[in-house]
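Let us read a fold together, one feature at a time. Keep the sequence and the model side by side.

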Amino acid sequence: AAFAPARGWTAEESGGRAAGGRLLVISDDFGFALVSLAADEADLLTLAVAPERWGRGVGAALLEAALREAAEGGAATMHLEVAADNLAAISLYRAAGFVETGRRPRYYARGAARIDAMLFARPTG
């Protein structure tokens, strides 16, 4: 539901994203975050919040927990990517101190439209 109208990942796809590293799952009753750890870096693979809880701080709390657990797992930096049209997520990441480090032009498909992927990073500590 958090990714509608797009399809969410299957369990196999989620687990496969952490190939070569460790996968952290941070969850509560209203959402979850998946983080891949490899060496001293973390990648936020996804952050999902139940639509009825959007705008209530659930995403910020999950993101903070993900940063904390990544740091405890030895990661110095967390990276993520987000579609340039996902303004709520971009606002969340910027408020948490993430800075844009690059773009992948026309990375995501939205029907006939192509949307850039924005790359962000920040220290975990």
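Q: How many helices and strands are there in the protein?

A: Helices (H or I, at least four residues) and strands (E, at least two) are DSSP runs, numbered from the N terminus. Here there are three helices and six strands. From the N terminus the order is α-β-β-β-α-β-α-β-β. This is a predicted model, where local features need pLDDT of at least 70, side-chain atom pairs count only at pLDDT 80 or more, and totals for chains, interfaces and linings use all residues. Residues are numbered from 1 along each chain as its sequence is written, and side-chain values use heavy atoms, with hydrogens and water left out.

Q: Which strands join β4, and do they run parallel or antiparallel?

A: Two strands pair if DSSP finds at least two bridges between them. Strand β3 (residues 41–49) runs parallel to β4 (residues 77–83), with three bridges. Asp43 stands opposite His79 in β4. Strand β6 (residues 113–123) runs antiparallel to β4, with seven bridges. There, Thr77 has Pro123 in β6 as its bridge partner.

Q: What share of contacts between residues at least 6 apart in sequence join residues at least 24 apart?

A: A contact means heavy atoms within 4.5 Å. In this protein the share is 51%.
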